[in-house]
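Trainee: Please walk me through the sheets and helices of this model. Show me how to read each feature.

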Amino acid sequence: MSLVLTGALVAGCSATDPNSSPGTGDGQADPDAVVNVALGSDIDLLDPHMFRTDAAYVVTANVYAPLLRQQFEEVDGALQGTDEYEGGLAETWEISEDGREAVFNLRTDAEFADGTPVTSADVKYTFERAMLGPGYITALLPFVGIDKPEQIETPDDHTVVLRPSFKSPLFERFMTFQVFGAINSAEAEKHATEDDPWATEWMKDNVTPSDAYQVAEVARGRETVLEPNPNYWGADEVKNGGVRLRVVPDPDQRVLLLRSGDVDLVDSIPPRLVPQLEEDPALNVFRLPSSRITYLGMNNKIAPFDDERVRQAISYAIPYQDIIDKVQYGYASLAKGPVPPAMSSSAGEELWPYETNVEKAKELLAEAGATNLSTEFVVRQAIPQDAEAAVFIQDALREIGIDVTIERVPDAVYFQRLNEHSLPMFLHDWFSWGEDPFFQMSFLLKSGAFTNYADYSNPEFDALLEEGTFELDPEKRAEISRQAQEIAIEEAPWAFLYSADYIVAARQGVTGVTRPFDQTLRFEHLSKSE
């Protein structure tokens, strides 16, 4: 079915050519060229405040403009996000010394794709919807001290004043998040009902673009077409004529399409396929460190994992380097703790004790009086490398006397049981948008957090997170982070496995590949040669 998203485009206008083909890398970049991208998932919904597929996040990241943007710097041919910020929807901004007032001056030439001016009322509506409406954004706002509509003021059409309840070191960082991109309030309110005051049903299939692109068409299961937003204030800086997102779930097929020249760029590449891409002279492989972490979760409330000595023993038994070399093909680094090496204040290199040591693992099990142990180990069918890693872990734990039964289950079953906190042992991976150590540890290991799937709980650890999250002095904050990591590493709620590299492959002549906070490609920088 082909679905045109209303409120998203100028009807009948298309900058895309269905017969366009990737560039060869010869010649100069063509600003009108359409970039063809193969993604591994389909779009399920487009509401920017709801959980959605990776492909849907890609779309919303490029159609909704937040107040601020992350600045980029070139690293190994790609654009790596930095800790510096620039104006997005806000042309200028000023934050008071005490952090309790932030004044954003909106661009007077900012318009939605339908030509409607973007005003402070739209920004206020977006934040109110995030606070009071559907989705998960209420879990983010406490980090920056904004949780009431009264904290948002609109003295005129182009001024937004936010009044946080405290000064947060994460404030500007969060203002770059795509979930705070401006929604056309008038358009959304047209589709609100008494039972659906935030137009949730309408926004599943419709967007109101305020950023560089508008959605021309969604053909479920096949492709989504993005066109440049003709009313975008930075239209002269968009380096392409649009982006076609093709749905290609099979990674081997994605790679084949790239190598044949049928698409220009692919992401979500299994590590086993990366070497052949690196050897192809027609391609470029962009590889950057990532703060994504893959871990072996052990439910701390389910025996025998309620004994930290058992968890430590398992951590010593894991063949970490074998998993990185033979499952990740070297395209990962040891995690060495809950804050991986690419994230600020990572202390694993200093604190990590769990070099593979079978004898140490056996000693800890004996000390715990743990014998004849067995457990179910659940992994996702959709991630082949998880199943491969599970076999290495199964063999290693058999060597220390733990019998492991691997169960590969569909995603629906996996996530149902994960969210029920009923899995005794499981593989899981996590990526924190803000790439902040306290943001990361609060979601994954703080007592009672819904994403603390291991049910780890330590009051001292929790207190450090509370203190460090809002500490303004960078050096003190880093030291508190180190102290929290030390506790988590010592008590081993997980076996901290690896941090997979961020990898994108493209045809020669394609430039402007980005690696922002949320690891979601921003397309306006992409260009290609025809």
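**Reading the folds**

Mentor: Helix 14 (residues 437–445) lies across strand 14, strand 18 and strand 19. The direction of helix 14 is at about 150 degrees to that of strand 18. Helices (H or I, at least four residues) and strands (E, at least two) are DSSP runs, numbered from the N terminus. Axes are lines fitted to C-alpha atoms, for helices over the stretch in contact, and angles run from 0 to 180 degrees between N-to-C directions.

Trainee: What should I know about the model itself?

Mentor: This is a predicted model: local features need pLDDT of at least 70, side-chain atom pairs count only at pLDDT 80 or more, and totals for chains, interfaces and linings use all residues. Residues are numbered from 1 along each chain as its sequence is written, and side-chain values use heavy atoms, with hydrogens and water left out.

Trainee: In what order do the six strands of the open sheet run?

Mentor: Start with the general idea. Strands of a sheet pair through backbone hydrogen bonds, either parallel or antiparallel. Here two strands pair if DSSP finds at least two bridges between them. The order is 15-19-14-18-16-17, with mixed pairing. Strand 15 (332–334) and strand 17 (402–409) are the edge strands, and each pairs on one side only. From one strand to the next, the twist averages 25 degrees.

Trainee: Which helix packs on that sheet, touching strand 14 and strand 16?

Mentor: Helix 12 (residues 384–399) does. Contact means heavy atoms within 4.5 Å. Helix 12 also touches strand 17, strand 18 and strand 19 (494–500). The directions of helix 12 and strand 17 make about 165 degrees.

Trainee: How many bridges pair strand 16 with strand 18?

Mentor: Two, in the parallel sense, between strand 16 (residues 373–380) and strand 18 (residues 425–430). V378 has F426 as its bridge partner in strand 18.

Trainee: What is the order of the open sheet of three strands?

Mentor: It is 3-4-21, again with mixed pairing. Strand 3 (68–75) and strand 21 (514–515) are at the edges with a single partner strand each, so one side of each has no neighbour in the sheet. Strand 4 (residues 78–87) and strand 21 run parallel, joined by two bridges. L79 has T514 as its bridge partner in strand 21.

Trainee: Which residues of helix 6 are buried?

Mentor: An α-helix has 3.6 residues a turn, so residues three or four places apart point the same way. In helix 6 (residues 251–260), the buried ones are R254, V255, L257 and L258. Buried means under 20% relative accessible area (1.4 Å probe, protein chains only). These residues sit on the same side of helix 6 because they cover an arc of only 160 degrees around the axis. That arc is taken from the directions from the helix axis to the C-beta atoms. They pack against several elements, including strand 2 (35–39), helix 7 (274–278) and strand 20 (502–507).

Trainee: What caps the N-terminal end of helix 6?

Mentor: D250 does, with a side-chain oxygen 2.9 Å from the backbone nitrogen of D252. After helix 6 comes G261, with a positive phi near 90 degrees.

Trainee: Is D518 buried or exposed?

Mentor: D518 is buried, at 7% relative accessible area. It lies in the segment after strand 21. The side chains of D518 and Q178 make a polar contact of 3.2 Å. Such a contact is a pair of N or O atoms within 3.5 Å; within protein, one must be able to donate a hydrogen and the other to accept it, and residues adjacent in sequence count only if both atoms are side-chain atoms.

Methods: Buried < 20%, exposed > 50% of the residue type's maximum accessible area, 1.4 Å probe, protein only.
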